[in-house]
Amino acid sequence: GINAEYGMFRWIDLLSPQEINVKQNALHSGYMTLVKSKIIRRKVFVSLTEKGLEMSKRRDGPVEGKISLHSLCVVTNPEEVNGEFCFYIHVRRRSYYFAVKTMTEANQWADDISEVITSKEQFQTRTERLIVELRNLQSDEIDSVYRTNAILRYTKAAIQTPILALPYGPCSATNPTSLQEQAVSIYKSFLNYEGATSPVEFIESQLDHLFDSPHLIDELYCQLIKQTSWVRDVDNPQNLRYWMFLLCVLITHTPSRKKLRYLKFHVQRNTSKY
């Protein structure tokens with residue numbers, strides 16, 4: 001009896017600091033199933049903190065994996081799959097698939113993770129920072145920014161990364177290509193567009209991507225603005241094709257308010273300049 005009682009209180013002493021630590025630091029904690037494939041499934045204890053997710057084999061076990069969260073990460077809406085309620089967490093170059101027993105539990109996890117992501121400082125690319133800078137400059141200063149920043153100007157060289165900070169994850173449920181890969185692919189296709197025998201068909205094929213991936217709308221606008229900026233010969237057929245493409249996008253897809261402001265700035269600048 002005494003030894004059993006001592007053993008019980010010994011376990012309480014060992015567990016209590018960890019329990020207190022979890023309560024103090026975790027915004028949400030509990031067991032979930034980490035699904036790696038149809039065969040590989042692992043039950044893990046997950047703690048959500050302001051920095052991200054920490055995973056361990058058991059509640060009192062050491063942390064064995066972490067998922068850092070920032071503004072470009074995405075948590076999907078939970079869905080029922082074979083009696084479980086599952087959601088994805090998309091981070092850079094990887095996606096995690098979790099399953100829990102009830103929709104209420106899944107929604108709570110997704111909402112709490114989404115709040116952490118939303119609380120992070122918004123990431124901006126160099127181009128986005130330059131777009132903001134251009135708004136407050138005089139005409140000669142604007143020319144200087146374009147002159148010294150090739151990323152804002154027309155180029156035949158393919159881009160290696162998107163112009164905008166795009167969220168992680170696939171383009172859509174039917175297109176597993178990441179938004180980043182799709183954005184780079186669209187820009188590379190411009191090189192074919194310049195010499196395409198049927199530019200209308202090309203434009204239609206690119207617009208189809210936007211219906212599946214609305215996040216790419218602003219990206220395409222910025223790519224087209226780039227390709228119609230600082231052009232040596234504005235009457236060049238290639239330049240006119242880009243303006244035609246831009247007009248078609250404007251008819252079918254409205255940009256965000258910030259990018260609409262950038263588009264107006266671009267049109268006004270070119271109107272006054274040429």
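User: Where do I start with aromatic rings?

Analyst: A pair of aromatic rings is described by the distance of the centres and the angle of the planes. In this predicted model the count comes to 13 aromatic pairs. Take Y31 and F45. Their ring centres are 5.1 Å apart, and their planes stand at 70 degrees.

User: Which kind of pair do Y31 and F45 make?

Analyst: Edge-to-face, because the planes are at 70 degrees and the cut-off for that class is over 60.

User: Which parts of the chain does the pair of Y31 and F45 tie together?

Analyst: Look at the strands. Y31 belongs to β1, residues 28–35. F45 belongs to β2, residues 41–48. The pair therefore ties together parts that are 14 residues apart in sequence.

User: Is Y31 buried or partly exposed?

Analyst: Y31 is partly exposed, at 32% relative accessibility. F45 is buried, at 2%.

User: What sits over the ring of Y31?

Analyst: The charged end of K43 does, 5.0 Å from the ring centre. There is another case to look at. R269 lies over the face of Y146, and the distance to the ring centre is 4.3 Å.

User: Which residues do ring pairs link into a cluster?

Analyst: Find Y154, Y187, F190, Y193, F202, Y242 and F245. Ring pairs join these residues into a cluster.

User: Now the cysteines. How many disulfides does a search of the whole structure find?

Analyst: The search finds 0. To see why, check sulfur distances: a disulfide needs two cysteine sulfur atoms within 2.5 Å. For C73, the nearest cysteine sulfur belongs to C171, 17 Å away. For C86, the nearest is that of C73, at 20 Å.

User: Are C73 and C86 buried or exposed?

Analyst: C73 is buried, with 4% relative accessibility. C86 is buried as well, with a relative accessible area of 4%.

User: How do I find a pocket?

Analyst: Rolling a probe the size of a water molecule over the atoms shows where empty space is left. Here the largest pocket holds about 670 Å³ of space. Its lining has 28 residues. R92, P162, Y168, S178 and Q180 lie nearest the centre of this pocket.

User: Which element gives the most to the lining of the largest pocket?

Analyst: α5 does, with 3 residues. Four elements each supply at least two residues: β7 (84–91), β8 (94–100), α3 (126–134) and α5 (179–193).

User: How do the residues of that lining divide by class?

Analyst: The lining of the largest pocket has 14 nonpolar, 9 polar and 5 charged residues.

User: What about the second largest pocket?

Analyst: About 580 Å³ of space lies there. The second largest pocket is lined by 22 residues. Nearest its centre are Q122, F123, E128, A165 and K259. Both α3 and α9 (257–273) supply at least two residues of this lining. By class, the lining has 12 nonpolar, 5 polar and 5 charged residues.

User: One last residue. Where is the place of E64?

Analyst: E64 is in the loop between β3 (52–56) and β4 (65–68). At 44% relative accessibility, E64 is partly exposed.

User: How many residues apart are E64 and S205 in sequence?

Analyst: They are 141 residues apart in sequence. In space, E64 and S205 are 45 Å apart, C-alpha to C-alpha.

How values were computed. Residues numbered from 1 in each chain as written. Predicted model: local features only at pLDDT ≥ 70, side-chain atom pairs only at ≥ 80, totals over all residues. Heavy atoms only, no water. Phe/Tyr/Trp six-rings, centres within 6.5 Å; stacked < 30°, edge-to-face > 60°. Buried < 20%, exposed > 50% of the residue type's maximum accessible area, 1.4 Å probe, protein only. Lys NZ or Arg CZ within 6 Å of the ring centre and 35° of its normal. 1 Å grid on protein atoms, 1.4 Å probe; cavity = no way out; pocket = protein on both sides within 12 Å on 5 of 7 lines; lining within 4 Å. Points joined across faces, edges and corners; volume = space filled by probe spheres on them. Nonpolar A, V, L, I, M, F, W, Y, C, P; charged D, E, K, R; others polar.
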